[in-house]
Amino acid sequence: MTRAARCPVCRKPADPQYRPFCSRRCADVDLARWLRADYVVPGRDGEAPVDRDIATDFPDDLSTDFPDGPHRH
Ligand SMILES: [Zn+2]
C-alpha cells in the first residue's frame, strides 16, 4: 500500500525511525500529552473551586434581572 503514515502530532509525513511520529520531538509531545491527561484528571478536582466561585455568583446576579423570580417561588 502507498498510504503514507502521518505524524499524529503535526500531520507531517512520519519518519520510519520515529514511527508513527515525524521526529523525536513529536513523539515526546505525544507522550507528554498522555502523561498530562493522566495527571490532570485527578488534579482537576482541586482546581474546581475557581470555577465554582464564578458559577455560584452568576445565577444569583441573573435571578434579580430575570423574570425568573416569581417562577422560583
Ligand atoms: Zn510531527
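Author: Happy to. A term to start with: helices here are DSSP runs of H or I with at least four residues, numbered from the N terminus. With that in mind, serine 23 sits in the segment before helix 1. Do keep in mind that this is a predicted model.

Reader: Thanks! How many helices and strands does the protein chain have?

Author: There are 2 helices and 0 strands in the protein chain.

Reader: Back to serine 23, what does it touch, leaving out residues up to four places away in sequence?

Author: Serine 23 touches Asp15 and Tyr18. Valine 9 is 14 residues from serine 23 in sequence, and their C-alpha atoms are 9.9 Å apart.

Reader: And why is serine 23 called partly exposed?

Author: Because serine 23 has 16 other C-beta atoms within 10 Å, and partly exposed covers what falls between the exposed cut-off of 12 or fewer and the buried one of 20 or more.

Reader: Nice. What about phenylalanine 21, buried or exposed?

Author: Buried, because 23 other C-beta atoms lie within 10 Å of phenylalanine 21. In the protein chain, 5% of the 73 residues count as buried.

Reader: Where is phenylalanine 21, and what does it touch?

Author: Phenylalanine 21 is also in the segment before helix 1, which spans 24–63. Leaving out residues up to four places away in sequence, phenylalanine 21 touches Cys7, Val9, Ala14, Cys26, Ala27 and Asp30.

How values were computed. Residues are numbered from 1 along each chain as its sequence is written. This is a predicted model: local features need pLDDT of at least 70, side-chain atom pairs count only at pLDDT 80 or more; totals for chains, interfaces and linings use all residues. Two residues are in contact if their C-beta atoms, placed from the backbone, lie within 7 Å.
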